[in-house]
Amino acid sequence: MRRALSPPADNLAQSLSLARQLYDSKKFEAALSSLEKIGARRLWNEADGCLLWGAVLFQLKRFDEAAMFNEAAVKADPNMAEGYSNLANSLKELGQLHQA
């Protein structure tokens, strides 16, 4: 069984930069693919990576997954206001206004 390749640690910043450029260019599927190559496990404790992943998923209308990544972003950095805002927006789209 072959394992998916992920970028080496020194390329993590470059890989995130590429995903950010794709997101900024509104190429959300390509940005998601780029993030998936890095791997959720590698980014789970990286606030910026989780925030980006959540934003991409939100644009793809995958709100439940977006909420999960935004929650991970605020756990990784409790002072990240954008993470709380994105989490609230995801929960709102899911109809969970009481949690937003």
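Guide: Let us start with Asn86, which has a relative accessible area of 17% and is therefore buried, the cut-off being under 20%. Please keep in mind that this is a predicted model.

Visitor: Where does Asn86 lie?

Guide: Asn86 is part of helix α6.

Visitor: And which residues is Asn86 in contact with, leaving aside its neighbours within four places in sequence?

Guide: Those residues are Leu51 and Asn70.

Visitor: Let us follow Asn70, then. Is Asn70 buried or exposed?

Guide: Asn70 has a relative accessibility of 1%, so it counts as buried. This residue is found in helix α5.

Visitor: What does Asn70 touch, not counting residues up to four places away in sequence?

Guide: Asn70 touches Cys50, Leu51 and Gly54, and also Gly83, Asn86, Leu87 and Ser90. Of these, Cys50, Leu51 and Gly54 are buried residues of α4.

Visitor: How do α5 and α6 cross?

Guide: Their axes come within 8 Å and cross at roughly 155°. An angle over 145 degrees counts as roughly antiparallel, so that is how α5 runs relative to α6. The crossing of the two helices is left-handed.

Visitor: Which residues make that contact?

Guide: On the α5 side they are Phe63, Ala66, Ala67, Asn70, Glu71 and Val74. On the α6 side they are Gly83, Tyr84, Asn86, Leu87, Ser90, Leu91 and Glu93.

Visitor: Turning to α4: how many of its residues are buried?

Guide: Of the 13 residues of α4, 10 are buried, so the helix is largely enclosed by the rest of the structure. The buried residues are Ala47, Gly49, Cys50, Leu51, Leu52, Trp53, Gly54, Ala55, Val56 and Leu57.

Visitor: What covers them?

Guide: The cover includes α1 (12–24), α2 (28–38), α3 (40–43), α5 (63–76) and α6 (81–93).

Visitor: What span should α4 have, and how far apart are its end C-alpha atoms?

Guide: Helix α4 covers residues 47–59, and at 1.5 Å a residue it should span 18 Å. Its end C-alpha atoms are 18 Å apart, which agrees with that expectation.

Visitor: Now the largest nonpolar core. Which of its residues touch the most other members?

Guide: They are Tyr23, Leu35, Leu43, Trp53 and Val56, in a core of 24 residues. At least two residues of this core come from each of α1, α2, α4 and α5. Helix α4 gives the most, with 8 residues.

Visitor: Take Val56 from that group. Leaving aside neighbours within four places in sequence, what is Val56 in contact with?

Guide: Val56 is in contact with Tyr23, Phe28, Ala31, Leu32 and Leu35.

Definitions and conventions:
Residues numbered from 1 in each chain as written. Predicted model: local features only at pLDDT ≥ 70, side-chain atom pairs only at ≥ 80, totals over all residues. Heavy atoms only, no water. Helix = DSSP H or I, 4+ residues; strand = E, 2+ residues; numbered from the N terminus. Expected span 1.5 Å × (residues − 1). Buried < 20%, exposed > 50% of the residue type's maximum accessible area, 1.4 Å probe, protein only. Contact = heavy atoms within 4.5 Å. Core = buried A, V, L, I, M, F, W, Y, C linked by side-chain atoms within 4.5 Å. Axes fitted to C-alpha atoms, helices over the stretch in contact; angles between N-to-C directions. Parallel < 35°, antiparallel > 145°, perpendicular 65-115°, else oblique. Left-handed = near helix turned anticlockwise from the far one by under 90°.
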